[in-house]
Amino acid sequence: IQILNQSHPACQVYADTNMLETILRNLISNAIKYTLHGGNVWIKTIALDKMIEINVTDTGIGMNEELKSRLFLPGEKKSLPGTANEKGSGLGLILCKEFVEKNGGQIRVESEPGKGSSFSFTLPSLKSASLQ
């Protein structure tokens, strides 16, 4: 699996470092877990008005609408086995959502079975935070 970092160094966020590292570690490890050998994982950043959007996109197995609708809901077991039968608890994405929101952002997912997934989240830009 090839990991391609397409983030721009000028895209800097104003967020708790430990929470940001946890979010990225979880999203990247999930992308790897659900991507078949020879696939790709991209990490991209996009500067928006006062926010930075971070995307972790894979060429993995993807998800159907029902699974996507339950991903961020606490109290539901919704983890699928990875492509090498890795196990998960389903708690990582709930934690990611909580951490993103605590830092003033939002998280969303786009996915299609057989076509991969893209998790995107926003955080305040360092530039906009320093203007306040």
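1. A word on terms before the sheet: two strands count as paired if DSSP finds at least two bridges between them. Helices (H or I, at least four residues) and strands (E, at least two) are DSSP runs, numbered from the N terminus. This is a predicted model, in which local features need pLDDT of at least 70 and side-chain atom pairs count only at pLDDT 80 or more, while totals for chains, interfaces and linings use all residues. Residues are numbered from 1 along each chain as its sequence is written, and side-chain values use heavy atoms, with hydrogens and water left out.

2. Let me begin with strand E3. The hairpin from E2 to E3 passes through three residues.

3. Seven of the eight residues in E3 are buried, so this strand is largely enclosed by the rest of the structure. Buried here means under 20% relative accessible area, with exposed over 50% and partly exposed in between (1.4 Å probe, protein chains only).

4. On to the core. A nonpolar core is a set of buried Ala, Val, Leu, Ile, Met, Phe, Trp, Tyr and Cys residues joined through side-chain atoms within 4.5 Å. The largest one has 26 residues, and Ile 23, Leu 27, Ile 54, Leu 71, Phe 72, Phe 119 and Phe 121 have the most contacts inside it. H1, E2, E3, H3, E4 and E5 each give two or more residues to this core, and H1 supplies the largest share, six residues. Leaving aside neighbours within four places in sequence, Leu 27 is in contact (heavy atoms within 4.5 Å) with Val 56, Leu 93, Cys 96, Phe 119 and Phe 121.

5. Helix H3 deserves a look too. Its buried residues are Gly 92, Leu 93, Ile 94, Cys 96, Phe 99 and Val 100, and their cover includes helix H1 (17-33), strand E4 (107-112) and strand E5 (116-124).

6. Finally, please check the loop between H3 and E4, where Asn 103 lies. At 14% relative accessibility, Asn 103 counts as buried. The side chain of Asn 103 reaches the backbone nitrogen of Asp 16 at 2.9 Å. Gly 104, which follows H3, has a positive phi, near 85°.

Notes
A polar contact is a pair of N or O atoms within 3.5 Å; within protein, one must be able to donate a hydrogen and the other to accept it, and residues adjacent in sequence count only if both atoms are side-chain atoms.
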